[in-house]
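Hi everyone, thanks for coming along. Have a look at the structure on the screen, and then I'll walk you through a few spots in it.

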Amino acid sequence: MSNKIQSLSGYIHEYQKSVNEPEKFWARIAESFHWQKPWDNVLSWDKEGPHVKWFENAKLNITENIFERHLFTHGDKAAIIWEPNDPSEANRIISYRELFELTCQFSNAMQAQGVQKGDRVIIYMPMIPEAAVAMLACARIGAVHSVVFAGFSSSALADRIIDCEAKMVLTSDGNFRGAKNIPVKAVVDEALEKTSTVERVIVCKRTDAEVTMTPDRDFWWHDVIKEESAIHAAESLDAEDLLFILYTSGSTGKPKGVVHSTAGYLVYTQYSFENVFQYNQNDVYWCTADIGWITGHSYIIYGPLLSGATTLMFEGVPTYPHPGRFWEIVDKYRVNQFYTSPTAIRALQAKGLEPIAPFKLDSLKVIGSVGEPINEEAWHWYHDHIGKGNCPLVDTWWQTETGGIMISPLAGITPNKPAHASLPLPGIQPIIVDAEGNELKGNNVEGNLCIKFPWPSMLRTTYGDHKRFKETYFSAYPGMYFTGDGAKRDHDGYIRILGRVDDVINVSGHRMGTAEVENAINEHPRVVEAAVVGFPHDIKGQGIYAYVICDEEGITQEVLIDEIKNTVRKIIGPIAKPDEIQVVSGLPKTRSGKIMRRILRKVASKDISNLGDTSTLLNPEIIDEIIRGAQVS
Ligand code: WT7
């Protein structure tokens, strides 16, 4: 039974029901899944904890809902179409039945290697089908996966391994990305020098790069599956058992482990996938994200596979071997729904129309955007040149923490409005509040975006630190989930996301905490103090701008700046490397010692027309120096 909304009036009707009787609404949606044991209670919500439980005491396995539930009707249907980095290499088309067998076989292998229900398993892999198999096998045996984007450095990987006390790491020899051949296993080896919990490393062969295998710890993927059967009985999990941990940056401290549990995540990712993209059974769907991010979890793997969809997985990058690669792939597989980021759109827009010209793109029915605000220019370019003016564009707002798409048009149902995430999905109750937490009702209002009622795929905690969970999300406005984003409801009641209101920068759709980048910069022995802010960037949305006080004796500024950039790359990864570093003799500070970031943001944005009140500064004279150094004209 499908829960697909068919019309605007259908949406309005469903939305009303979901707000008036949320439990009844979600119980009806959840009925279409396979439960080993039904729930006793749809929702329990303790605002104080805060603790949320959905489908309490139900038993299930998410992979039974992907495989066993679909095998009779579409065992032979393509589950994953895998397109390699190099178009001259053979692709792989994996049916539901084959993916099921691969998952079962690897589930048996992981269990034989000692992984048990509840154990944490790190997945540090390129975009290859085995990465999907790895996630699904963890889910099948009840191990908790934590995928770490394979572009992160060894020290970022080590931090995550330590935080979740991982028992196993699944990885590959190397990673083909564009013209690069990136070592992967070597990064794992370096990380494991700093950690103590990992007992086994399973290495999937991809690039034939030379790797060092530590005896009794490291095993080849193809060896561990060799003797294993392709039949496996799924573990029975509780609705609230952990499905995965995914680390994400916040405004303070180290990245936190966002925890998602089983049943609510299953129900919501499937429901939102089917409705936002209006997926039909013979469609080919492609999301260009990496499985290292939540978009890859919810809308390459779980949402589509739970819907019995064909999901395309692309190993490479948009510009390799030519800037028309995305469009070539769309034509090659007759892709119907295409989902990407504003950064990718802007980068391809900058290449002009020539790379698009050879391709028809006539299979496209829906195009989507995610990860950062999409500016109107990029929206129109995407709509006109990729969607050819006749594909609904879904600008989907959500977060690692929300698990699934929260505010978005439903393709072809919600009238499109450029750069507006538009309207909430059924079950989602966003509100806009002022600084004091008063709800700003009605239209034409602007403030901070909160969600006032739980939804099934909401994060349950931050791993190992429930206090941090409460402080981060539920203390700004008690009893409500605070998103960290600013938003506006316009005269039509459509929501437009304005971007982060906290110390989080959104670089190419990737979240970076300013504190996290500052800490990395501070690791350079010559750095005394650093302050990091975001600034508008034509392609990336936001760039990273660092002001540093350092000891410059006997070293040129050029070399120093290069070294600092490299330090950040080593500690976090290339995505966190500052675009601009300005050496300063001081930072604007208030009498209480707080850095006045507002001023630093303005200077970095080259907008010094109105610096606001600087009377509380201890050292106002520093502003002139900073402006001069930034060469703002
Ligand atoms: C932050 C969450 C959700 C998957 C990828 C990012 C920003 C996300 C939109 C959008 C404007 C958006 C927000 C949000 N964001 N989608 N459609 N319009 N902003 O997940 O890394 O958890 O980042 O991305 O600022 O808070 P994430």
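Let's begin with a question: where is the place of Glu 471? Glu 471 sits in helix α15, residues 466-474. A helix here is a DSSP run of H or I with at least four residues, a strand is a run of E with at least two, and both are numbered from the N terminus.

Before going on, a word on what you are looking at: this is a predicted model, where local features need pLDDT of at least 70, side-chain atom pairs count only at pLDDT 80 or more, and totals for chains, interfaces and linings use all residues. Residues are numbered from 1 along each chain as its sequence is written, and side-chain values use heavy atoms, with hydrogens and water left out.

Back to Glu 471, which counts as partly exposed because its relative accessibility is 48%. The scale is this: buried is under 20% relative accessible area, exposed is over 50%, and partly exposed is in between, using a 1.4 Å probe and protein chains only.

Asp 538, in the loop between β28 (527-537) and β29 (541-550), is exposed because its relative accessible area is 71%. Ile 413 belongs to the loop between β20 (393-396) and β21 (430-433), and at 10% relative accessible area Ile 413 is buried. Its C-alpha atom is separated by 13 Å from that of Lys 365, 48 residues apart along the chain.

Now for the aromatic rings. Rings of Phe, Tyr and Trp (its six-membered ring) pair if their centres lie within 6.5 Å; planes under 30 degrees apart are stacked, over 60 edge-to-face, and the rest tilted. How many aromatic pairs does this rule give? The count comes to 42.

One of them is Tyr 265 with Tyr 302, edge-to-face at 5.6 Å centre to centre and 85° between the planes. Tyr 265 lies in helix α10 (residues 262-277) and Tyr 302 in helix α11 (residues 294-306), so this pair ties together parts 37 residues apart in sequence. Both Tyr 265 and Tyr 302 are buried.

Another edge-to-face pair is Trp 286 and Phe 326, with 5.1 Å centre to centre and 80° between the planes. Here strand β16 (residues 284-287) holds Trp 286 and helix α12 (residues 325-333) holds Phe 326, so parts 40 residues apart in sequence are tied together. Trp 286 and Phe 326 are buried too.
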